[in-house]
Structures are given as structure tokens and as C-alpha cells.
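Please look over the strands, the sheets and the helix packing in the model below. A short report on each follows.

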Amino acid sequence: MITIKSPQEIEIMRLAGGIVHAALDAMAKAIAPGKVTTADLDAIGEETIRKAGATPSFKGYRDFPGSACISVNEEVVHGIPGPRVLQPGDIVSLDIGANFEGFHGDSAWTYPVGEISEEAKRLLNVTKESLFQGIGQAREGKRVGDISHAVQNYVRRNGYSVVEDLVGHGIGRNLHEEPSVPNFGKAGAGPLLRAGMTICIEPMVNQGKYKVRCLDDHWTTVTQDGKLSAHFEHTVLITKDGPQILTGSPIKSEASAS
């Protein structure tokens with residue numbers, strides 16, 4: 001069932017989103033090639049969330065051990081934080097959620113670790129822009145398929161592929177709610193978007209083919225061909241006046257995109 005949030009619930013979600021924004025920002029600032037582990041970043045994210053009076057949405061969710069999903073290079077999503085030290089030239093996806101007063105916010109961003117290749121830079125730029133292409137379609141009266149098609153069309157035009165085994169989702173009192181928000185699909189198809197809906201739009205874009213596989217830890221999902229993958233996500237509110245990003249933007253220059 002798709003839930004429509006009340007004005008009061010939306011304001012709580014806006015606060016949850018702000019906490020997620022702050023956690024991502026703190027984690028990103030701590031990235032240091034050859035010095036910082038993914039566990040270090042996870043601890044920073046959790047500390048930021050708890051200091052704000054919230055709890056990490058992911059910790060313990062279906063027994064996930066971390067507060068953040070931290071995925072490096074060919075890891076698409078759901079990387080488990082641990083002793084891995086980030087190296088120069090890596091790209092790292094930070095995905096984190098916060099539960100504040102019973103409502104969740106959820107966002108992900110992929111960052112360079114030191115200087116990265118031109119190919120990796122282009123992947124990050126295209127994936128990030130595909131997120132905003134999708135957000136641009138998140139308007140009352142449109143359908144989920146309009147978001148999906150906008151993401152897929154932009155990604156394919158730029159020579160990349162979107163992951164099809166994993167999708168975005170509704171969000172609110174539960175971390176995952178209806179509707180599913182795929183990154184591929186037909187314009188004009190799917191559930192109708194109505195004011196008061198809150199959804200997570202999250203393109204997962206592969207440098208190579210779209211196929212992925214899950215590692216033996218039953219969480220970490222990697223590209224099947226071993227090529228790079230990037231992941232960007234925002235929690236978005238549908239309003240009568242257009243989309244609103246509830247999780248802010250970790251990069252200040254893009255704040256106007258909200």
C-alpha cells in the first residue's frame with residue numbers, strides 16, 4: 001500500500017533527511033587515501049546520526065552488521081564496513097539511513113578517493129546526473145515509469161547500463177515501502193505519483209554490463225564483469241509544486257538542484 005504523508009509527518013522526514021545529509025557529509029570529509037577504512041567511515045556515520053537523536057536505519061536490518069553500506073569500485077551496493085583501507089584511485093559509495101521519531105531518511109553518494117581516472121569521473125558524473133533526471137520527473141500526475149524511463153534513457157545515451165536486480169522504493173515509517181521505483185521502464189507506466197508520497201530514487205549504474213551477483217557474505221553485490229559501478233540516491237517528496245529533496249545535497253554546488 002502506498003502511503004500519503006501528512007504535513008506533520010513530512011516535517012519529521014525532512015529532519016530525518018537532514019540528519020542523513022549530515023552523516024554523509026561527515027563521512028565524505030573523512031575519506032583519506034591509504035589511511036581510512038570502511039569501518040572508520042561507518043563509525044563516523046553512526047556517531048553523527050546518534051548525536052542528532054536518531055538511530056541508524058540499516059544497523060540490524062535483516063541482520064546487516066553496519067550502520068552504512070559502503071561499496072568500493074566494482075561493488076554496487078550493500079558493502080559491509082570492515083578493515084578495508086581506501087586506496088588512491090578508488091571510488092566509494094556511501095549509503096546510509098536515519099530513523100528519527102519513527103520516520104526514515106535514506107541517501108547515497110559515490111565519492112572519489114584521491115585522484116581517479118577520467119573514466120571513473122565520467123561514470124560518477126553520468127550517474128549523478130541520471131539521479132537528477134529522474135527527480136525531474138517526480139511530479140504529481142506523472143507515473144513511476146516516467147522516473148524510471150528518464151534514468152534509463154540518460155544512462156543508456158551515455159553508454160552505461162542500469163542495474164535491474166535492485167530498485168528504488170517508497171519510504172516513511174518503514175525503510176522500504178511501496179511503490180518500487182526501478183531505474184528502467186516505460187514512460188507513462190506504473191503507479192500514479194500523488195502529492196505527499198515520499199520515495200527513494202537511486203540509480204545504480206555500471207560501467208559495463210548490467211548483470212550483478214551477490215558475494216558469499218549474502219550482502220555485497222558486485223558487477224558480474226568486475227567493472228566499476230556508481231550509486232546515487234535521494235529521498236524525494238512529491239508536492240503539487242514539484243519534487244522536493246528531503247536529504248539535501250552533500251555537494252554544496254548542487255544545492256540549487258533541490
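Leu-237 has Gln-244 as its bridge partner in β15. This is a predicted model. β14 and β15 run antiparallel and are joined by four bridges. The hairpin that links β14 to β15 passes through two residues.

Leu-237 also pairs towards β9. There, Thr-198 has Leu-237 of β14 as its bridge partner. Strand β9 covers residues 198-201, and strand β14 covers residues 234-239. Four bridges connect β9 and β14, and the two strands run antiparallel.

## The five-stranded sheet

These strands belong to an open sheet of five, ordered β8-β7-β9-β14-β15. Its pairing is antiparallel. The edges are held by β8 (177-181) and β15 (242-245). Each has a single partner strand, so one side of each lacks a neighbour in the sheet. From one strand to the next, the twist averages 30 degrees.

## Helices on the sheet

Which strands does helix α3 lie across? Helix α3, residues 118-135, lies across β9, β14 and β15. Its direction runs at about 20 degrees to β14.

Helix α4, residues 144-157, packs on the sheet as well. α4 touches β8 and β9. The direction of α4 makes about 35 degrees with that of β8.

## The α3-α4 pair

The axes of α3 and α4 come within 8 Å and cross at roughly 150 degrees. That angle makes α3 roughly antiparallel to α4. The crossing is right-handed.

On the α3 side, the contact is formed by Val-126, Glu-129, Ser-130, Gln-133 and Gly-134. They meet Ile-147, Ala-150, Val-151, Tyr-154 and Val-155 of α4. By class, this contact holds six nonpolar residues, three polar and one charged.

## The α1-α2 pair

Helix α1 spans residues 7-29, and helix α2 spans residues 38-51. How are the two arranged, in angle and in axis distance? They pack at an angle of about 145 degrees, with their axes 8 Å apart. α1 passes α2 in a right-handed crossing.

From α1, the contact takes in Ile-19, Ala-22, Ala-23, Ala-26 and Met-27. From α2 come Leu-41, Ile-44, Gly-45, Thr-48 and Ile-49. What classes of residue make up the contact of α1 with α2? Eight are nonpolar, two are polar and none is charged.

## The three-stranded sheet

An open sheet of three strands has the order β3-β12-β11. The pairing here is antiparallel. β3 (75-77) and β11 (212-214) are the edge strands, each pairing on one side only. The twist in this sheet averages 40 degrees from one strand to the next.

Two bridges join β3 to strand β12, residues 221-223. β3 and β12 run antiparallel. Within this pairing, Glu-75 has Val-222 of β12 as its bridge partner.

## Confidence

The mean pLDDT of the protein is 95. Of its residues, 96% reach 70 or more.

Technical notes
Residues are numbered from 1 along each chain as its sequence is written. This is a predicted model: local features need pLDDT of at least 70, side-chain atom pairs count only at pLDDT 80 or more; totals for chains, interfaces and linings use all residues. Side-chain values use heavy atoms; hydrogens and water are left out. Two strands pair if DSSP finds at least two bridges between them. Axes are lines fitted to C-alpha atoms, for helices over the stretch in contact, and angles run from 0 to 180 degrees between N-to-C directions. Contact means heavy atoms within 4.5 Å. pLDDT is the predictor's confidence in each residue, from 0 to 100. Angles under 35 degrees count as roughly parallel, over 145 as roughly antiparallel, 65 to 115 as roughly perpendicular and the rest as oblique. A crossing is left-handed if the near helix is turned anticlockwise from the far one by less than a right angle, and right-handed if clockwise. Ala, Val, Leu, Ile, Met, Phe, Trp, Tyr, Cys and Pro count as nonpolar, Asp, Glu, Lys and Arg as charged, and the others, Gly among them, as polar.
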